[in-house]
Amino acid sequence: MSKERKKLSDAQQLALISQVDRVCPLDAEPLFYKKGQRSFKNYEIAHIYPLNPTSAEELLLQNEERLGKDLNDEDNLIPLCSLCHSKFDKPRTVEEYRELVAIKKNAVERSGQEELWKANPIEESILEIVDAIYADAEEGIEAEITFTSMKVDEKLNDSISKPTRRKIKHNVTDYYTFIRDKLALLDKAGDCTSEIISHQVKGFYLVQKGKGVSQGNPPISNGVRL
């Protein structure tokens, strides 16, 4: 007996579309197009694991991961442009199935991160410090950013001369003092602002750590990666 496709509400469809940023996750085609002043759908909601698999599909995917027990659940659904949906279904391949599973899991995780970020808001005043850093920075300097905490001596190898080491340490000290002074100014404008920021950042980090999320891909707030 074949299973019936569950009708999704507008809110459910909107949530699924938002997960993939309103573009087809396979070819980056917009999921809507405009004619005149009206927008039209250019997508179909696809079942990642088929709702009514054929015997060949059951055999093909028997050892593959499934995203939820209910095949009509949103965990097993993803919006694709009409062309990609047709290509994905006919014929279905293990490689394409695995690719779509990975895309869906990444989309769900990213969506969860955004919700987590909203639930643990960092004070807007921290952006004042970020702006101050950019305003104070020398133009034309580019550096790779990492999120691993290390002492200055651990970051400097033997190829760096002692005078250069002293200069780097001096600059790091100046940078620390600069941030400390900016936080002190914020504290004058509001009670314990720097301490609130510190606790919020630490709290957000601990929630992330508990979820096993890497520091290498932090969420973005107002265009600034924190």
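I began with H47 and looked up its side chain, which makes a polar contact with the side chain of N72 at 3.0 Å (a polar contact is a pair of N or O atoms within 3.5 Å, one able to donate a hydrogen and the other to accept it, and residues adjacent in sequence count only if both atoms are side-chain atoms). This is a predicted model, with local features needing pLDDT of at least 70, side-chain atom pairs counting only at pLDDT 80 or more, and totals for chains, interfaces and linings using all residues. Residues are numbered from 1 along each chain as its sequence is written, and side-chain values use heavy atoms, leaving out hydrogens and water.

Next I checked where H47 sits: it is in strand β3 (strands are DSSP E runs of at least two residues, helices H or I runs of at least four, numbered from the N terminus). H47 counts as buried because its relative accessibility is 6%, buried being under 20% with a 1.4 Å probe and protein chains only. Beyond its neighbours within four places in sequence, H47 has contacts (heavy atoms within 4.5 Å) that include R5, L71, F88 and R92.

Then I turned to the largest nonpolar core, which has 24 residues (buried Ala, Val, Leu, Ile, Met, Phe, Trp, Tyr and Cys joined through side-chain atoms within 4.5 Å). I48, I78 and L80 have the most contacts inside it. Among the elements supplying at least two residues each are β3 (43–47) and α4 (94–119), while β4 gives the largest share, four residues.

Last, I followed L80: leaving aside neighbours within four places, its contacts include Y43, A46, F88 and L100.

Methods: Buried < 20%, exposed > 50% of the residue type's maximum accessible area, 1.4 Å probe, protein only.
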